Amino acid sequence: MVSSAGGHHHRSTTKNGHKAFKSKFATKGSLKTKAKGKTDESTGSRKTPHQQVISKLQRRNRARQLTAKKQKDVTLAGKIFDGRRGAARIIAIVSLTADGDSAGAVRKLNGSLNIEQEVPSSGILSTPIERFKQKIQYVIPPRQDFLAVLDACKLADFVMFILSPTQEVDAHGLALLRGIEGQGVSNIVTVVQNLDTIEPAKLRPEIKKSLLSFVTHFFPAEVKVHSLDSPLESQNVIRSLCTSTPKGVLWRDARSYLLAEEVRWDDNEGLVVAGTIRGKGLKADRLVHIQGYGDFQIEKICAWNEHTQISPDAMVDDNTSAIQILEVPTDGQDGLAQIAPEEPVMFDADEEPLPITHIQPQGVLLDDHHYFEEKEDERYKAPRRLPAGTSAYQAAWILDDDWDESDFEDEDRDGDVGMRGTDGEDNGDAPRPEDGEEGMAGASKSVYAPTEFGDAKSEAFLDPSPEQEADQITAFRNRQKEADEDLEFPDEIELPPTVLARERLARYRGLKSLRSSKWELAPDAPHQPQHWDRLAQITNYAGTKSKTINEALVGGVPAGTRVLVYIRNGPREVVDIKNRTGAAGIVAIYSLLRHEHKLAVTNFSILPTSETTTITDDDEPDQAETSPVKSKDQLLIQYGPRRLLINPIFSSSSPGRNNVSKFEKFLHASRASVATIISPLIFGSVPTLFWRLHANPKADQHPFELVGTGTSLAPPTHDKVIAKRIVLTGHPYKIHKRVVTVRFMFFNKTDVDWFKPVGLFTKRGRSGFIKESLGTHGWFKATFDGKINPQDAVAMSLYKRVFPKDAVEFRPELVEVR
């Protein structure tokens, strides 16, 4: 008998656990329903090797290869400095405060390693560091020589900023910081002088922390400010300078450059520059640029040993062992021509060029064609009153004086006989081409209904007297100024009543859309610069750039070689700059890539600095420190190795699909624009700086103020159209629903007929067109897409193409060093 202690229990559930359905037996329809439109991305081939699923061993091997490649790149980058015979590390010393002592900083650094050496107040000083088997070349420019400081930092592998614990960075120091940051800088080191003079000593760490916070605002990667008063920290600075690998500047390292250690002039050989090649290999076939003097050809490149002296005897005799020629130019050496040669137009002896017949257009250019180009009699023929049923062939035989219109007056009045035109349509209200859509639509009760202004169809129009019209124009324009209409229409102009708009605006045209309408280039040809068609044009910019940059990677005298560069027809003034007393003596030559000496239409992005503000009417001229930058103002531009005086034209940074950009009269704060000039082209994206000459520079200011920074844009092309816009405005005098009588836009009937094809718009968004002219004083009727507000203003946009101007090489003597 079963004991009751065993108990009875129920099963946990009544459901049976069936086996799950195998998905491999599912149908295509069931899988499609289950996916709900989703696609499985786990199946199929991957697009790139990075998307391939690889094993753990392959991932380790790839990481090992990347590490080895980085180590190899670092080794090659620092190989130029290896050993005592390696190239010297260029250190630019820049004092940001007035009490900074650049020469004293160099003495502190040398004193930490027990190096006794005379340090000049400015100039170039080479110092061997036996402890680290390196050489350091200090470049000490005068602090007030703004351009010399930028030149030194442009060449330097390391830039050392000197700060003060007691003085703040002045305006000149801030200008130096912004210029160095904008042109591109390699590694930086920040030091502070005279920190031990701060008492109590517990304030010194706080001062260093404050100085570090200031520096990181411009260079966020900086992590420490070193005190030169401590010998241990000075040694750490020297160790960092001798062991770190400079990260370099991209545009500079893609070319070959050289800091001149010695420069001399010989009557037989000309200009000779001695130094160490850096960057890429120096080629004799490429041109070199000397900042401030232009581009020159290389006569030859010779070896320069440490014990070789630059003397006339050594340079004249090329067969001696003292001078070894490393490279001479070939037949493919780049020429100095900046524009293409002019192609002469040839004619046969028995042929004469056909005379060019200029057809006077009958209307303004709209998009890519003129309206009303035919003659007046061919453009439109008024309908003739002919008997009903008369064909076109019969009408050709009927003269206007063969019949009398009085014969048909009675019949026409009774309506028995309808007078019809040659096209079979009614003559009474036949639409004319000038009527546009309004005329083609026929009569409308809503248009011709009586209003408070009167009946538009039957009202007689009388021209005002000249005195009344002059008073009305003056009152209207004064009211516009009071309402500040310039903010609504920034491109608005006012034509004097005595000026014909057709002649004053002969170069302007109308556009239906600035971003999509086709721009006809032929009418602008007479106004373009004479050498416009001879400027450099690069059809395949990406391919040309890649080929040119890759060409500089191989060949030439390798970097790290001490050479003598003989400049063909070089300027003798360079020797005076190098030997000038009290100056930095910085002379550098930059090798140019192929085609970089050719003139082209170059574009640069420009972002105005925060200091560039617009002076309003409330600002006092004495109190305003800066003024807006206007197109065609003279500026100083620096991009790559070049420094040019330019008069740029500004345009919007977002052109339409028709390659047309809107001209901008001023630079606007916090908005990027494009500056266009004619200058030597440069490959790649290169940092660009823009300065403007101070009207009244102070004693502690450099002559040029930084007004904007940017980069060079690619590709350089002169097919880009920069369209200057003007807006003509008129006053809606009478409003009849959608028909408006407009005055004060034009002042004679001829101008109204000339600009009739151009569309109209209002500041509140209405669009319309000119319907017909009223009287002889420039009043006209216009039809809009809706009823306009009486306080609205009617406007018309016109455009003309503007061309950039040539840049001029900047000479150092043009700016007085203060």
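**View 1. Helix 3 meets helix 7.** In this predicted model, the axes of helix 3 (residues 102-112) and helix 7 (residues 231-243) come within 8 Å and cross at roughly 95°. Axes here are lines fitted to C-alpha atoms, for helices over the stretch in contact, with angles running from 0 to 180 degrees between N-to-C directions. On the helix 3 side, look for Lys108, Leu109 and Ser112; they meet Pro231, Ser234, Gln235, Val237 and Ile238 of helix 7. Contact means heavy atoms within 4.5 Å. Sorted by class, this contact has four nonpolar, three polar and one charged residues (Ala, Val, Leu, Ile, Met, Phe, Trp, Tyr, Cys and Pro are nonpolar, Asp, Glu, Lys and Arg charged, and the others, Gly among them, polar). Helices (H or I, at least four residues) and strands (E, at least two) are DSSP runs, numbered from the N terminus.

Residues are numbered from 1 along each chain as its sequence is written. Because the model is predicted, local features need pLDDT of at least 70 and side-chain atom pairs pLDDT 80 or more, while totals for chains, interfaces and linings use all residues; side-chain values use heavy atoms, leaving out hydrogens and water.

View 2. Eight of the eleven residues of helix 3 are buried, so the rest of the structure largely encloses it. Buried means under 20% relative accessible area, exposed over 50%, and partly exposed in between (1.4 Å probe, protein chains only). Among the buried ones are Ala103, Val106, Leu109 and Asn110.

**View 3. Helix 4, mostly covered.** Ten of the ten residues of helix 4 (residues 146-155) are buried. They include Phe146, Leu150 and Cys153, along with Asp151 and Lys154.

**View 4. Tyr541 and Phe683, a stacked pair.** The structure holds eleven aromatic pairs, and in this one the rings are 5.9 Å centre to centre with 25° between the planes. Rings of Phe, Tyr and Trp (its six-membered ring) pair if their centres lie within 6.5 Å; planes under 30 degrees apart are stacked, over 60 edge-to-face, and the rest tilted. The partners are 142 residues apart: Tyr541 belongs to helix 18 (residues 541-551), Phe683 to the loop between strand 22 (673-680) and strand 23 (687-693). Tyr541 counts as buried because its relative accessibility is 13%, and Phe683 counts as buried at 2%.

**View 5. Phe746 and Phe780, a tilted pair.** Here the rings are 6.3 Å centre to centre, with 50° between the planes. Phe746 is in the loop between strand 26 (739-743) and helix 20 (749-754), and Phe780 is in strand 29 (residues 779-784), 34 residues apart. Phe746 and Phe780 are both buried.

**View 6. Charges over rings.** The charged end of Arg89 sits over the ring of Phe81, 4.6 Å from its centre. Arg562 lies over the face of Trp304, 4.3 Å from the ring centre. The cut-offs: NZ of Lys or CZ of Arg within 6 Å of the ring centre and within 35 degrees of the ring normal.
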